[in-house]
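Subject: Structure handover

Hi,

Here is the structure for your set. My notes follow below it.

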Amino acid sequence: MSERQDTNTRTTGETDRAEELREKMVGELRDLGAVRSGSVAAAFSTVPRHLFAPGEPLERAYATMTTLHRKQNGSGAATSVVSASEIQAAMLEQARIEPGMRVLEIGSGGYNAALIAELVGRTGKVVSADIDPEIADRARRYLDAAGYGRVDVVLGDAAYGVPEHAPFDRIIVTAGAWDIPPAWTGQLAEAGRIVVPLRMRGLTRSVAFEREGDRLVSRDYRLCAFVPMQGAGAHSEQVVALDEGRVSLLIDTGQPVDAAGLRKALLGPRTERWGGMEFGDGEPLHGLDLWIATAVDGFGLVKATKEAVDSGLASRSALYGGKAIVAGNSFAYRASARPVNESRTRFEFGAYAHGPEAERLAEEYIDHIRTWDRDHRGGSGARIEVFPAATPDAELPAGRIIDKNHTRIVISWP
């Protein structure tokens, strides 16, 4: 018998419409490929998502791609959300949670913790930690109202983990993490698994890591977006304004940047190159982004406002963060795809470049696209390994090394 079936508070006020929408949501999650297992499907079929979003219309509460309960800081940036069910389902599948496991959720909202509680069952343990007292209190109230009082909600900076409840078989992080603190690996059981939205050179991927001794090795990763960590795990990217805030360059590493030269380059002539790599409408190409980020030394994201794009100053790809090669006072970034057939079902990638080295960088960008197309497109993807910060270079595998405060991340392409 599920926890929901033997808890009276779970059924109070629940409508036939909510149950109908819940089953519809599960079907959509299956169609999207986010739900693949019977256990995760059963959890989503059981937990009443609308009880964790009071005041929201039922249709919105059960929309697969909609975030709920958005909390913002004084500048309007989101500090907490209940993630879309599509990303929650995908991360739970990545975690491979089994009955009886002990699971730590970093970042509370209530709903995801309830899903985890269904997966671990009565013999398991769920701890949900959050740094924000308002969020932790809200999660506690919603979990109690939905019949999940046995989930422990802990207030505190989750960068330090929750040692009093460790070790954990699984750790699921629901905030964007720039680094992996020692507490997380230290409180993870041997052969345990951690699923974390990890930011690497400005790109975030939800990575499922398994512990192998003192290192973590990726088993799976997927595209995602999360609000950033707060507290000790917070990290700010370097933002270089190129045109009075309409166009910016985001740099995730400590590389020196010629801001004045890059501003001048943006306003100068633009070089354009096209690489001949074709792809179909809707074909996922997130692997290409990660390949570019790991193949070049100077990497960043060009971001532009709609006004800047409409004026022709930047490519439409910059609305979402155009992946860029940066070298001194020059840069190149991927241009928006252009159609190569009349039905507009096949497209081609190219590169735009600015500055004195525009010609070289545009050609280099196209070469990287062609290399990915030839050697890695449709392959197994990247291998991501996380080592302690003190690990010498000689003990690291070949690949792109990304140094963090606590770790050294190596991304390679088998």
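**Helix 5**

Ser85, Glu86, Ile87, Gln88, Ala89, Ala90, Met91, Leu92, Glu93, Gln94 and Ala95 in helix 5 are buried (under 20% relative accessible area; exposed is over 50%, partly exposed in between; 1.4 Å probe, protein chains only). That makes 11 of the 11 residues of helix 5 (residues 85–95), so this helix is largely enclosed by the rest of the structure.

**Basis**

This is a predicted model: local features need pLDDT of at least 70, side-chain atom pairs count only at pLDDT 80 or more, and totals for chains, interfaces and linings use all residues. Numbering starts from 1 along each chain as its sequence is written, and side-chain values use heavy atoms, without hydrogens and water. Helices (H or I, at least four residues) and strands (E, at least two) are DSSP runs, numbered from the N terminus.

**Helices 3 and 6**

The axes (lines fitted to C-alpha atoms over the stretch in contact; angles run from 0 to 180 degrees between N-to-C directions) of helix 3 (residues 38–46) and helix 6 (residues 111–120) come within 9 Å. They cross at roughly 130 degrees. Ser39, Val40, Ala43, Phe44 and Thr46 in helix 3 contact Tyr111, Leu115, Glu118 and Leu119 in helix 6 (heavy atoms within 4.5 Å).

**Strands**

Strand 17 (residues 383–388) pairs antiparallel with strand 9 (residues 215–223) over two bridges (pairing needs at least two DSSP bridges). Strand 17 also pairs antiparallel with strand 19 (residues 407–412), over six bridges. Glu385 is the bridge partner of Val217 and stands opposite Val410 in strand 19.

Best wishes
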